[in-house]
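Here is a friendly walk through a model, meant to be read beside the sequence and the coordinates.

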Amino acid sequence: MSVLEARDITKTFREGAETVPVLNGVSLELHPGEVVALEGPSGSGKTTLLSIVGCILTPTNGSLTVNGNHVDPKRPERLPEVRKKSIGFVFQQFNLFPALTAAENVEYALNVKGIRGREAQKEADRVLDAVGLGDRKNFLPRDMSGGQKQRVAVARALAGRPPILLADEPTANLDSHVGMQVLEMFKDLAKKEDRALLIVTHDPKVRTISDRVLKIEDGRLV
Amino acid sequence: MAVDLARKNLLHDKLRFFITVMGVAFAVTLVFVQVGLFLGLLRNATTVIEHMSADLWVTSKNTPNVDFAHTFPESYVQRVKSVPGVEKAENLILTFAQISLPTGAQESVQIYCMKNFTDWNLPWNYEGNIEDLRRGPYFMLDSSAVKRFGTFQVGDYREIIDNRMQIIGRTKEAVSFTTTPLAFLDYDRMQALSPALLRNRTSYIVVKVAPGADIETVRREIRSRMPYNDVWTKQEWADRSRSYWVVNTGLGLNMVLTVFLGVLVGVVVVAQTLYTSTMEHLKEFGTVKAIGGSNGDIYKILGEQAVISALAGFAVGTAMAFGMRPLMAKADLHLIIPQQFLAIVLIGTVVMCLAASMLSFKKIAGIDPALVFRA
């Protein structure tokens with residue numbers, strides 16, 4: 001049983017009078033505990049596909065089912081609710097809140113999901129311990145290394161136990177050694193907690209931790 | 001407890017927060033000082049009315065305020081005294097006169113004249129024996145006259161309308177809106193000093209209503225017996241006097257414009273800093289959206305930041321205004337800040353900052369959460 005199913009997804013953007021196709025009939029499935037790498041050259045549509053399966057953008061055509069729920073492209077106002085319940089993101093630039101400590105960054109994401117107070121604190125402690133930052137909970141992002149920041153971002157994605165984890169170039173801002181450590185940890189946690197993990201990447205190291213590798217070129221999976 | 005991203009973001013950039021707070025604070029101070037000084041001046045306009053124990057004031061027809069009195073026959077006081085419910089009534093002359101100073105200069109002085117000052121609590125704060133005024137060419141002068149007339153001592157002599165008179169007492173807090181110093185002189189002596197204008201004439205009749213009598217009924221009866229005069233209650237007369245200065249002189253409009261400018265400065269400062277802050281945190285707001293937050297969640301952040309800025313700015317601005325009070329008092333400027341006005345400015349400041357934050361709302365509504373994927 002898949003936690004994410006995309007069928008014949010197409011996406012076009014308007015550029016002035018022209019319609020530019022970015023995705024042309026892409027289909028993919030993600031299963032619990034599965035790690036999938038999505039590779040492709042710049043401009044191939046990787047990030048657009050990630051945005052659509054992450055319920056940030058709606059497809060022009062095609063169907064999307066997330067965690068058993070059909071996502072209606074005509075109701076974009078419902079997308080935040082799907083993201084809140086089912087998806088955890090890790091970004092290339094970490095995108096941590098600079099004014100919040102590691103623990104607060106995670107707790108804030110939980111607050112957005114509707115989890116507050118003691119329950120949020122316990123969950124934040126759990127995921128920060130899981131990524132090996134139990135002793136850095138009260139550090140601000142500016143006082144952490146790139147690897148530590150990305151671990152906080154991973155912890156934030158894991159918090160609240162969303163069934164789908166989406167990562168956009170998670171190693172792009174890390175050196176090779178640290179990048180590998182983060183990937184290994186991310187994979188282990190995803191598998192341990194039975195989450196589906198889709199990683200959009202240029203980094204060949206990602207292949208080594210993936211169960212499947214998808215390649216996208218000119219808006220099609222090849 | 002939820003993580004307070006709004007507060008933490010706001011306090012994270014302390015310099016920006018300081019600038020925002022000071023912008024609001026200066027706007028608040030400006031409003032307090034302008035309106036407070038205006039209220040202080042207005043209090044001067046009615047301070048005599050409010051301290052005197054008269055319940056009703058009989059004035060000549062259409063007298064615009066207490067300072068601009070016109071005379072009418074003093075014998076009318078007998079008609080007033082005959083009205084049932086009147087406990088006592090007395091003539092009161094208010095006139096401007098020339099006073100010659102030791103320097104050789106001449107200035108104007110505003111003189112209140114009665115036969116029985118003590119019966120009417122006029123003046124209300126003084127040194128000396130007010131009863132002595134009727135015993136010779138004497139007068140009392142308010143301490144505030146020092147600024148216009150120079151220093152003076154009890155026992156000094158001055159010339160009023162070319163008549164040498166001795167200062168036998170010093171009053172305090174007796175001031176007028178016109179800033180002309182106030183003096184107190186016996187009623188009969190004043191008429192003798194200026195017979196052409198004041199013989200057998202008075203400026204006002206002040207009335208004390210008997211205990212248990214209905215002021216409105218007494219007023220109605222006086223009006224029916226004196227159709228060519230006006231009869232005001234104490235409150236009405238004070239309101240009319242204040243209203244004259246506010247409406248007829250343009251001072252009210254001046255104050256409204258100043259308050260408007262103060263609010264405008266506040267709105268511009270807050271709107272500018274919040275908008276710049278929003279632009280700088282655009283990616284963070286994109287992240288909030290990406291992790292499932294709605295526009296509403298971000299509006300709440302901006303709204304909370306606006307309220308925090310408003311409250312901090314109000315506190316600093318109020319402290320600055322109150323801190324300036326003693327300094328202004330030294331210059332005889334009274335800053336009056338009533339509690340209701342404090343509440344109005346507090347609410348106004350919050351509304352002003354929330355309105356300013358709305359400039360950023362449009363930007364937030366247009367944030368594409370996909371921007372979180374851009375390097």
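Predicted model: local features only at pLDDT ≥ 70, side-chain atom pairs only at ≥ 80, totals over all residues.

Residues are numbered from 1 along each chain as its sequence is written, while chains are lettered from A and ligands numbered from 1 in the order in which they are written.

Let us start with chain A as a whole. Its radius of gyration is 17 Å, which agrees with the value near 17 Å for a compact globule of 222 residues; the radius is taken over C-alpha atoms, and the globule rule is 2.2 Å times the number of residues to the power 0.38. The C-alpha trace spans about 50 × 40 × 35 Å along its principal axes.

Chain A has seven helices and ten strands, which are DSSP runs (H or I, at least four residues; E, at least two) numbered from the N terminus. Six strands make an open, mixed sheet in the order E6-E7-E8-E3-E9-E10; strands pair if DSSP finds at least two bridges between them.

| Element of chain A | Residues | Note |
|---|---|---|
| Strand E6 | 87-90 | edge strand |
| Strand E10 | 220-221 | edge strand |
| Strand E3 | 35-39 | parallel to E9, four bridges |
| Strand E9 | 212-217 | parallel to E3, four bridges |

Helix H6 (residues 176-192) of chain A lies across E3, E7 and E8, at about 155 degrees to E8(A); angles run from 0 to 180 degrees between N-to-C directions of axes fitted to C-alpha atoms, for helices over the stretch in contact.

Now to the cores, sets of buried Ala, Val, Leu, Ile, Met, Phe, Trp, Tyr and Cys residues joined through C-beta atoms within 7 Å. The largest has 109 residues, and Val106(A), Ala155(A), Leu197(A) and Val24(B) touch the most other members. Helix H2 (residues 14-51) of chain B gives this core its largest share, 13 residues. A second, separate core of 58 residues includes Ala54(B) and Met114(B).

Finally, chain B is divided into domain 1 (5-44 + 250-373) and domain 2 (62-227), with bounds from an automatic or database domain assignment. Their centres, taken over C-alpha atoms, are 48 Å apart.

Conventions: Buried ≥ 20, exposed ≤ 12 C-beta atoms within 10 Å, placed from the backbone. Contact = placed C-beta atoms within 7 Å.
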